[in-house]
Amino acid sequence: MDSMRGQGGIQMLLTAEQEAQQIVYAARNVKTTRLRQAKEEAEMEVTNYRSHLEVEYKQKLSETSGSSDSTEKRLEVETEQKIQHLKKAASQVSPDVIAMLTKYITTIKT
């Protein structure tokens, strides 16, 4: 009778081991499936983020390139104003410079 009980116990252990293996196998499958899902979700997030950044970049690029014409015109006006200011300042100082140069050229040191 003890041998029957022993074989029954062994059979129970084998059954329990098989069940444990099935549980581990199922858990591995669930883990693998979840890892694939996480990878796909991460790839989608990266793609969305990349496209969002690209849209922002193109928008800023269009804003800056659109205003480059106005910036160019503004710089041309400022440059022209500075040139006129320098010409005016040069014309005001010109007689003094000519007088000073004439004085140094005509004066002879002995």
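Q: Which side chains meet in a salt bridge at 3.0 Å, N to O?
A: Side chains of opposite charge can pair when their charged atoms come close. In this predicted model, Arg-74 and Glu-78 make such a pair, with N and O 3.0 Å apart. The two residues are separated by about one helical turn, because they stand four residues apart in helix H1.

Q: How exposed are Arg-74 and Glu-78?
A: Arg-74 has a relative accessible area of 44%, so it is partly exposed. Glu-78 is partly exposed as well, at 30%.

Q: How many salt bridges does a search of the whole structure find?
A: The search finds three. One of them joins Lys-58 to Glu-54, with the closest N and O atoms 3.5 Å apart; these residues also lie four apart in helix H1. Another links Arg-34 and Glu-41 at 3.7 Å.

Q: What share of the 110 residues is buried?
A: Buried means under 20% relative accessible area. Here the buried share is 0%. The protein has one helix and zero strands. Its radius of gyration is 45 Å, well over the 13 Å of the globule rule for 110 residues, so the protein is more spread out than a compact globule. Along the principal axes, the C-alpha atoms fill a box of roughly 145 × 45 × 10 Å.

Q: Where is there a nonpolar patch?
A: On the surface, Val-93, Val-97, Met-100, Leu-101, Tyr-104 and Ile-105 form one, with about 620 Å² of accessible area together. Ile-105 belongs to helix H1, residues 2-106, and counts as exposed because its relative accessibility is 70%.

Terms used
Residues are numbered from 1 along each chain as its sequence is written. This is a predicted model: local features need pLDDT of at least 70, side-chain atom pairs count only at pLDDT 80 or more; totals for chains, interfaces and linings use all residues. Side-chain values use heavy atoms; hydrogens and water are left out. Patches are made of residues with over 30% relative accessible area and no salt bridge: like charges are joined within 9 Å, nonpolar side chains (Val, Leu, Ile, Met, Phe, Trp, Tyr) within 5 Å. Accessible areas come from the Shrake-Rupley method with a 1.4 Å probe; for residues, only the protein chains shown count as cover. A salt bridge is a side-chain nitrogen of Lys or Arg within 4 Å of a carboxyl oxygen of Asp or Glu. Buried means under 20% relative accessible area, exposed over 50%, partly exposed in between (1.4 Å probe, protein chains only). The radius of gyration is taken over C-alpha atoms; the globule rule is 2.2 Å times the number of residues to the power 0.38.
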